Amino acid sequence: EYDAGLSRGLRLPGKTEIDQRIGRYGVSAAENAAEDARHQAALRLLDAWLGWLSARETAAIHGEQVATFEREVSAVERRLAVNDAAAIDVDMTRAALAEAQAAGARSSGAVLRTTASLMAWFPELALPENPMLISLPTLPDDLDALRQAVVSNSHEIRYIEDVARRADAVAQRAKADEMPDPQMGFRLFSERGGDETGLGVTFSIPIGGEARSAMTHERYAAAAAARQDVQRVRRTVLDTAETDAIQARSEHAAWLSAQSAVADSTRVVQRLREGYAIGASSLTDLLTAERRHLDSRLMEARARTQATFAILKLKIDAHEMWID
């Protein structure tokens, strides 16, 4: 004796289309999440790359300053030997040299740290032995267009919109499932040793309950929360776009001022060097000018790095750079 049956649910009209939307939005969300991950990787590369270049340039500036103070120590020692300088002048120059050497040691360590960080994140990246300095930043003419593109091209917004649409579709599916799908099948049986056999068609309708209604309310609540997330992400990206544009303008203006300061300090320190060589200026004034010149050069290098970062970040966020 046996009783065997085979049945299958018959989806009611409309449920297939909802299932297709759920799948379509899920695939689109995954694609946008992958693109946003590439966007974040581009920003990470930008930060690590400029950090490495900036550390190398800073170390080079400190190295030049050490060499300058070494020459000045030698010059003062020679003048001391012919009684043209005081012993305190030698001590002052050596102290300035020691300060420059300490700063140079710190900057050399920064080069090693930024190199290790860059290699940790991007181990397959081939670093050039003699990279170029960070170029002079140029403010884009279409700054407002780039700002708007940050929002219109945002994969983060597209991702959260797909998630919200999928949540809406899932809620609609739960609502549709409050009316269960009927079951249709075949039944084959044999009884009393085969004296009674039969083959028939079966049709049944499951009975829904409160659990299906509760599931519907839960899905609609999740969809409402997802729509709120869309608004939050939109405002976050809009804030990023405005900040990017403002930062690009302000950092570029700061670099222009820093560049002017370097030109002025270069002229001052050159005149004082020439004046000290002929005894027309004091060593104290020269050392003070040397330190200020060093500060000006470091400030210009930092301002150039920050302006370059701000401009390139705006382009990356707008998907004008490193999108392919």
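Predicted model: local features only at pLDDT ≥ 70, side-chain atom pairs only at ≥ 80, totals over all residues.
Residues count as buried under 20% relative accessible area, as exposed over 50%, and as partly exposed in between.

**Stop 1: helix H3.** Select Asp144 and Arg147, whose side chains meet in a salt bridge with an N to O distance of 3.9 Å. Both residues belong to helix H3 (residues 143-152) and stand 3 residues apart, about one turn of the helix. Asp144 has 40% relative accessibility and is therefore classed as partly exposed.

**Stop 2: from helix H4 to helix H5.** Next, select Asp168 and Arg227, a salt bridge in which the closest N and O atoms are 2.6 Å apart. Asp168 lies in helix H4 (residues 155-176) and Arg227 in helix H5 (residues 210-277), so this pair ties together parts that are 59 residues apart in sequence. Asp168 is partly exposed at 23% relative accessible area, and Arg227 is partly exposed at 40%.

**Stop 3: along helix H5.** Move to Asp229 and Arg232, which form a salt bridge with the closest N and O atoms 3.7 Å apart. The two residues share helix H5 and are 3 residues apart, about one turn of the helix. Partly exposed is the class of Asp229, with a relative accessible area of 30%, and of Arg232, with 49%. The structure holds 25 salt bridges.

**Stop 4: aromatic rings.** How many aromatic pairs does the structure hold? There is 1. Display Trp49 and Trp52 to see this tilted pair, with 5.3 Å centre to centre and 50 degrees between the planes. Both lie in helix H1 (residues 15-81), 3 residues apart, about one turn of the helix. Is Trp52 buried or exposed? Trp52 is buried, with a relative accessible area of 3%, whereas Trp49 is partly exposed at 26%.

**Stop 5: arginines over rings.** Select Arg44 and Trp121: Arg44 lies over the face of Trp121, at 3.9 Å from the ring centre. Then turn to Arg24, whose charged end sits over the ring of Tyr25, 5.6 Å from its centre.

**Stop 6: a nonpolar surface patch.** Finally, select Tyr2, Leu10, Met184, Phe186, Leu188, Leu199, Val201, Phe203 and Ile205 and show the surface. Together these residues form a nonpolar patch with about 960 Å² of accessible area. Strand E2 (183-191) and strand E3 (196-204) each supply at least two residues of the patch. Phe186 is found in strand E2 and, at 53% relative accessibility, counts as exposed.

Terms used:
Residues numbered from 1 in each chain as written. Heavy atoms only, no water. Patch = residues over 30% accessible without salt bridge, like charges linked within 9 Å, V, L, I, M, F, W, Y side chains within 5 Å. Areas by Shrake-Rupley, 256 points an atom, 1.4 Å probe, with all protein chains shown as cover. Salt bridge = Lys/Arg side-chain N within 4 Å of Asp/Glu carboxyl O. Helix = DSSP H or I, 4+ residues; strand = E, 2+ residues; numbered from the N terminus. Buried < 20%, exposed > 50% of the residue type's maximum accessible area, 1.4 Å probe, protein only. Phe/Tyr/Trp six-rings, centres within 6.5 Å; stacked < 30°, edge-to-face > 60°. Lys NZ or Arg CZ within 6 Å of the ring centre and 35° of its normal.
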